[in-house]
Amino acid sequence: MIELKKAHIGYSEGILHCQDIQLECGNVYILVGKNGIGKSTLLKTISKQINLISGQILIDGKEVQNVSTNELPKLLSFVPVHFPQMDYVRSREFISAGRAPYTNALGRITEEDSQEIEHAISALGIESLSERFTSELSDGEKQLVAIAKSIAQKTPIILLDEPTAFLDYSNKKKVLSILKETAAVMNKCIVLSAHDIDLCLEFSSNFLVVNADSKELQLQQKPSRLGIISAAFNES
Amino acid sequence: MIISQRHKWMIFIFLLLLPIAAMVHFMSGHLDISFSNLINSLFNFDETNTNHLIAREVRIPRMFTAIIAGAGLSVAGLLMQTLFNNPLAGPYVLGINSGASLFVAFSIMTGIPFLSSDLGIITNALIGAMVFGLIISLFSEVVRSQISLLLIGIMLGSFTGAIVSMLEVSSDASELKVFTLWSLGSLSRIEFGQIPLISLVFVVGIVGSLFLIKPLNLLILGQDQARLLGLNYKRTRFIIIAITAILIGLITAFCGPIAFVGLAVPNLVRIMLKSQHHGLLIVSCAFIGGIFVLLCDALIQAMENYMLIPINVLTSIIGAPIVVLLILRKLR
Amino acid sequence: MKLMFPFLAMLILLASCQESKPDLQNEKEQKELAAKADEVPQEIKIEFAENFHVNSIKGGYELELLDPNSHEVESTYELTYDHSKSGDKVIHLPVENIAALSQTSVGMLSKLNSLDVITGISKMDYVHSPELKKRFKAKKISEFGDESNVPIEKIVQSKTKLIIYSGFGSEFEGEDKLRKLGIQNIPNYEWRETHPLGRAEWVKFLGILINKSDEATTLFNDIKSNYEDLRWKIRNLEDHPQVISGNFYSDQWTAPSGESYMAILFQDAGANYAYRSSKGTGSVFLPIEKVVADNRTSEYWINPGVPSKGVLSEMNPKSKFLGAYKNGIYCYSHEMNKFWEMSAIEPDFLLEDFIHIFHPEFEPNAKLHYYKALK
């Protein structure tokens with residue numbers, strides 16, 4: 001569970017703010033808003049990559065600022081917009097990096113770790129990709145591998161920065177349905193930013209909308225397409 | 001990260017090739033010295049026997065130095081490339097060698113006895129490598145572009161080059177000579193008696209780097225992902241630079257600057273193994289680096305009668321084209 | 001550029017005004033010189049030097065500098081008392097103001113008691129001559145720096161007429177500009193000679209320039225007879241100790257070749273130079289292990305190029321395996337300036353040093369001129 005309490009988010013001056021919002025496990029939240037309004041910044045602030053200006057962000061009741069570097073990766077995983085460019089890393093190896101928070105100082109993979117990795121692979125049905133180099137995968141396949149890594153990381157929260165950005169229509173649908181299923185089956189709180197409002201409405205009824213004028217973040221449950229667009233893009 | 005059967009075979013082959021390369025190196029010497037002399041010079045040393053003396057005091061230290069220098073530079077290069085997420089990084093390109101050179105120049109040319117003793121030179125080379133490693137890593141915080149970082153490294157190199165020239169102008173002839181000689185690079189400066197101390201420092205560097213396997217494997221995913229997976233980036237960076245400094249400092253102090261090994265070997269190793277498992281990479285870099293310098297030096301010895309090639313020159317002649325090929329591969 | 005020409009012209013004018021002043025107080029001397037412009041001077045015989053020829057012609061000499069490899073004429077200078085002649089390679093005699101950028105020419109001029117013609121040298125740090133140091137303190141001479149990059153204005157100001165440079169490697173810069181300003185230059189290629197007496201014989205070249213040919217010839221003849229006397233004296237010594245010279249550079253040993261200046265001195269001093277059979281007049285490069293194997297019993301090691309054994313072992317730990325390491329290393333590093341300034345004109349002293357080093361029994365308490373055992 002993520003709680004945002006009167007949070008002001010941004011770099012030097014607050015660009016995005018909110019009243020109290022609670023994000024529950026079992027749901028997928030779609031973060032929408034204009035370009036440059038601070039969606040990525042919000043996700044990075046929740047994942048402690050950027051400091052909060054004021055207010056509080058709590059993860060499972062713990063303030064993010066106070067969670068240690070070792071502890072955070074067990075609570076939250078983050079899928080960035082771009083898949084890292086790497087030579088000679090096989091998908092299975094990439095997914096196994098999700099186990100890093102649990103392995104010892106030398107990174108030894110235990111029986112339990114291997115099981116989690118296999119579980120993540122089979123959950124996403126990407127057995128056929130697991131022995132291939134990530135650099136040879138298509139964008140859609142990369143996104144699935146990145147999500148599998150997050151699942152192997154076994155965190156209650158998964159944040160994804162525009163996971164559908166570079167995908168074709170069928171891959172967008174595939175990724176969104178996998179995320180929806182993951183949230184429901186594994187009881188995770190998944191937050192993703194996206195621009196495909198129409199498509200996302202098919203998969204989730206929970207929207208985090210950044211108001212174009214007030215820059216306020218609001219949780220809209222069961223919103224209408226029009227409601228989202230008028231708030232986020234100042235259009236009717 | 002996964003070690004496949006193929007990887008195990010390759011490591012086994014490297015393990016076999018190293019002693020073969022060492023023997024080729026031993027036999028490429030100018031004089032005809034038999035293996036029995038080599039063995040006897042170790043266990044049954046007779047100082048009055050010229051063959052024993054040459055085997056023990058000239059060839060063995062040179063062979064040893066070639067292995068240490070090749071292995072150390074390659075591992076240090078690998079660490080730099082992973083830390084800065086840049087396949088063209090290397091101690092030489094990033095100016096870390098220059099840092100060591102600058103401090104060694106200070107120690108030789110100030111003429112202060114402690115500073116110009118063996119230990120003084122090692123310490124200075126180590127501190128210099130460390131300081132410049134930290135400088136370049138501070139720059140890496142600001143510039144995210146790979147090319148900019150390399151340019152800054154090159155600038156650091158030219159800058160120190162200029163300071164070293166200034167020192168040269170104001171130092172007296174004999175100090176200058178020692179420094180000039182040092183800067184040519186040589187594999188013959190180590191004495192038999194120094195081998196244990198140098199091995200110790202080398203082992204500290206290599207074993208230290210083996211403890212970095214997990215952070216290095218995470219760094220492959222990029223700095224941000226590595227942090228999100230629990231990596232303490234600043235501490236890791238400091239340790240990586242410290243270990244690089246130990247290896248570079250040691251080698252620079254005894255052999256002078258040797259170019260391109262640290263840049264070319266890790267790239268070659270990655271292509272051969274097709275893996276980013278740093279346990280595999282470190283071990284393979286150590287072996288291939290050692291084999292590479294042994295063979296380069298064997299070639300130098302074999303051609304000694306026809307021409308004089310400093311080791312630094314030969315490694316550049318062979319290394320530079322490899323690096324160009326790598327760049328072309330990347331661009332394609 | 002437009003401003004440059006009037007400026008240059010003015011400088012030349014200034015320079016020529018000063019020249020026209022009656023520098024030669026003695027009218028008789030002036031007449032003598034005028035007479036020389038019309039006659040052919042006595043031939044100057046060159047016995048040992050291989051890289052220059054002097055032919056007497058009307059009004060002075062034709063000087064030919066030869067290429068040391070092909071022995072063909074590389075350049076020809078006319079040294080003349082006839083001041084009406086002019087040209088790129090014409091030098092008016094006698095030259096009274098010389099910038100002696102070549103260190104050996106300083107030594108030769110001092111042997112000719114003519115340090116007063118020197119207007120400047122390259123760097124005072126390299127000077128040995130106490131008299132020259134005094135003259136520098138009295139501001140009678142200037143420092144012009146390295147010959148590859150001379151300060152033109154400073155040279156003009158010093159009223160220099162001729163620059164003598166060593167010509168190691170790099171080209172002489174600013175040649176054309178200096179000629180336009182009436183300042184000639186000529187190399188002192190004494191270092192190209194391989195015979196020790198050949199080097200010393202270049203003093204004759206300097207003698208011509210400053211109108212002291214006779215003195216130069218006498219000086220050279222003394223040096224020659226000293227040198228040959230020394231050789232004669234040791235001709236019957238049985239013992240020829242093995243000598244090595246040079247040092248390790250990078251991974252190789254660099255030593256004088258068998259036909260080089262040093263190799264000839266070693267042979268003349270009754271030593272057995274380890275690499276005497278190597279060809280060439282330059283250097284030979286040898287693998288470290290060959291040098292160690294060849295010289296475990298060598299008694300002497302000349303010119304390691306370092307000031308102390310400490311530096312030597314730091315520079316190359318393999319040194320201590322050479323037989324001469326214990327107490328046979330000799331070097332001139334404590335008298336560096338003296339060596340570079342004077343040794344070319346004192347080959348007899350060098351030979352004497354080597355004889356005393358290689359054959360201590362010959363004259364047990366002899367003092368060495370240049371060399372000292374390395375400690």
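In the hairpin formed by S11(C) and S12(C), two residues lie between the strands, and Ser250(C) takes a positive phi near 55°. The model is a predicted one, in which local features need pLDDT of at least 70, side-chain atom pairs count only at pLDDT 80 or more, and totals for chains, interfaces and linings use all residues. Residues are numbered from 1 along each chain as its sequence is written, and chains are lettered from A in the order in which they are written.

Helices (H or I, at least four residues) and strands (E, at least two) are DSSP runs, numbered from the N terminus. Strands pair if DSSP finds at least two bridges between them.

| Strand pair | Sense | Bridges |
|---|---|---|
| S11 (residues 247-249) of chain C and S12(C) | antiparallel | three |
| S12(C) and S14 (residues 283-287) of chain C | antiparallel | five |

Trp253(C) in S12(C) is the bridge partner of Phe248(C), and Ala255(C) stands opposite Val284(C) in S14(C). Four of the five residues of S12(C) (residues 252-256) are buried, so the strand is largely enclosed by the rest of the structure. A residue is buried if 20 or more other C-beta atoms, placed from the backbone, lie within 10 Å of its own.

Between chains, 23 residues of chain A are in contact with 19 residues of chain B, contact meaning C-beta atoms, placed from the backbone, within 7 Å. Helix H3 (residues 91-96) of chain A gives the largest share of chain A's side, three residues.

Conventions:
A residue is buried if 20 or more other C-beta atoms lie within 10 Å of its own, exposed if 12 or fewer, and partly exposed in between; C-beta atoms are placed from the backbone. Two residues are in contact if their C-beta atoms, placed from the backbone, lie within 7 Å.
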